[in-house]
Structure formats: structure tokens, C-alpha cells
Amino acid sequence: MAVVAVIVFACGWGRLVHAPAPGISAVIIAVMALASLGVVRVTMDAAWGVYVAGFVVCAAFIGEMVRGRGRTSVLGSLATTVTGTVLAMTTIAWIALENYRVWLILAHPMGICLVVAGACLFLRGSVWMRVLTSIVLCTLGGLVAVGLVMVAGLGANDSILVASASVGTTEPMIAMLTVFGAFGMVSGLVVAGCHAFFAGRMAPTSLMGAAALGMIPWLTAAIPVYAFARIMGG
């Protein structure tokens with residue numbers, strides 16, 4: 001799944017941000033992100049993915065050299081490639097999460113939050129209306145996820161223990177609402193950022209660009225989930 005997400009994102013990122021050389025950016029993003037995924041998959045240590053990230057700038061400069069002497073908007077192209085590669089490389093966190101039992105406990109509620117975040121990308125209206133609506137709906141999505149976990153029994157007991165330990169309270173509902181509400185709000189902020197930045201002239205003009213935009217919430221969600229798993233230590 002992570003490999004597919006990286007390829008889709010790499011192919012569409014350059015078109016989404018109107019990069020001067022979308023093809024070269026796509027190749028660099030795909031190669032560097034897949035390399036980091038492979039290294040983390042073998043070592044099961046996210047730190048090795050960070051080491052690979054150290055070569056991103058070098059790869060971006062090599063890409064500019066390949067463009068030849070007639071290249072234009074060099075700084076814009078470099079920024080596009082480096083930013084896209086860093087976003088794509090966040091998928092290493094999804095692989096590294098296999099080391100933590102907490103991920104199995106939080107998979108259902110976090111999945112619900114991501115579904116809501118993805119749906120919010122299709123909102124219409126003014127930019128600020130979409131921004132505010134995304135934050136509110138995604139936060140509510142996190143709170144609704146608590147109810148679904150409790151009612152359906154999707155690892156409810158383990159989720160309560162994990163959430164309670166993370167926020168330092170013995171009240172299970174307060175702990176659950178705090179943890180999943182916060183994750184929903186973070187997802188909403190990411191979607192809000194997408195609405196604010198990719199609007200007007202920056203709006204997607206191609207199918208691949210729209211697909212890359214749709215990958216952003218899923219890609220970026222890996223980092224806070226991984227951070228939470230690391231904090232909980234298992």
C-alpha cells in the first residue's frame with residue numbers, strides 16, 4: 001500500500017504544484033521514497049529512512065543538472081522536488097509502525113479519521129469555509145471514532161488503556177476523546193492546509209495532480225501516529 005501511495009504521489013506531485021520539470025521531479029521522488037521504504041522494511045528502523053533523506057538535496061541537484069543548460073525556475077524546481085520527496089518519505093512511518101502493538105489498537109479509530117479527512121477534500125465553497133469546515137468535521141470524526149470503537153468493541157479495552165496512559169487520566173472517555181479528537185483535529189489541519197494552498201491558480205488541473213493531493217492526508221498522518229506509538233513505547 002505504501003509503495004502504491006508513493007508512486008501515485010510521485011507521478012502527480014509535479015503536476016499538482018506546476019513544477020517546471022514534473023517528470024524529473026517524479027523520478028527523484030519515487031526513487032528516493034522507495035529507497036527509504038526498502039531500507040526501513042529491511043531494518044525495521046525508521047532512523048535508516050532519515051539517513052536516506054540526507055541525500056534528497058543531492059538528488060534534487062542532480063535532477064537539475066539533467067535538465068541541461070536551458071533550464072528555468074531552478075529554485076522552484078528544487079523546492080518542488082525536495083518538498084515532494086520529504087512528503088513521500090513520511091510513508092516510512094507506516095512501515096516502522098509494525099514494531100508497535102499500539103498501532104494494532106489504534107488502527108480502527110485512526111482509519112475512521114483518515115476516511116473523514118479524505119472526504120473533506122471534496123468540500124466546495126469559499127476557501128475559508130472549506131478550511132473551517134474541514135477542521136470541524138475531522139475533529140468530529142475523531143470523536144465519532146471513539147463512539148464506534150466503544151459500541152462495536154473494536155479493541156475498546158486496549159484503546160482505553162492506551163489513551164488513559166497517554167494523557168494521564170483514569171477517566172476512559174475523557175482519555176479517548178482527547179487522543180482521538182486531537183488526531184482528528186491534526187488531520188483536519190492538514191486538509192485545511194490543502195484547501196488553503198491548492199486553491200485558485202494552484203488548484204489541480206489534471207487527474208494525477210488531484211490523485212497526489214488526495215494522498216497528502218494519508219502520507220502526513222503517518223508521522224503523528226508513529227510519534228504517538230513511540231511515546232507509548234509499544
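The legends below accompany close-up views of a predicted model of a protein chain.

**View 1. Overall helical architecture of the protein chain.** The protein chain contains 11 helices and 0 strands. Read along the sequence, the elements give the pattern α-α-α-α-α-α-α-α-α-α-α. Of the 234 residues, 44% count as buried. Among contacts in the protein chain between residues at least 6 apart in sequence, those joining residues at least 24 apart make up 77%.

**View 2. Packing of helix α4 against helix α5.** Two packed helices are described by the angle between their axes and the distance between the axes. Helix α4 spans residues 56-67 and helix α5 spans residues 74-89; their axes come within 9 Å and cross at roughly 140 degrees. This angle makes α4 oblique to α5, and the crossing in which α4 passes α5 is right-handed.

**View 3. Residues at the contact of α4 with α5.** On the α4 side, the contact is made by V56, V57, A60, F61, E64 and R67. On the α5 side, V74, S77, L78, T81, V82, T85 and M89 take part. By residue class, the contact divides into 8 nonpolar, 3 polar and 2 charged residues.

View 4. C11 is partly exposed, with a relative accessible area of 32%. For C138, the nearest cysteine sulfur belongs to C120 and is 3.9 Å away. Because a disulfide requires the two sulfur atoms to be within 2.5 Å, C138 is in no disulfide. C138 is buried, and its relative accessible area is 1%.

View 5. Although H18 is not a glycine, its phi is positive, at about 55 degrees. The residue is partly exposed, with a relative accessible area of 38%.

**View 6. M44 in the loop between α2 and α3.** M44 is found in the loop between α2 and α3, the latter comprising residues 46-53. Its phi is near 55 degrees, a positive value in a residue other than glycine. M44 has a relative accessibility of 22% and counts as partly exposed, because the buried class is limited to values under 20% and the exposed class to values over 50%.

Terms used. Residues numbered from 1 in each chain as written. Predicted model: local features only at pLDDT ≥ 70, side-chain atom pairs only at ≥ 80, totals over all residues. Heavy atoms only, no water. Axes fitted to C-alpha atoms, helices over the stretch in contact; angles between N-to-C directions. Helix = DSSP H or I, 4+ residues; strand = E, 2+ residues; numbered from the N terminus. Parallel < 35°, antiparallel > 145°, perpendicular 65-115°, else oblique. Left-handed = near helix turned anticlockwise from the far one by under 90°. Contact = heavy atoms within 4.5 Å. Nonpolar A, V, L, I, M, F, W, Y, C, P; charged D, E, K, R; others polar. Buried < 20%, exposed > 50% of the residue type's maximum accessible area, 1.4 Å probe, protein only.
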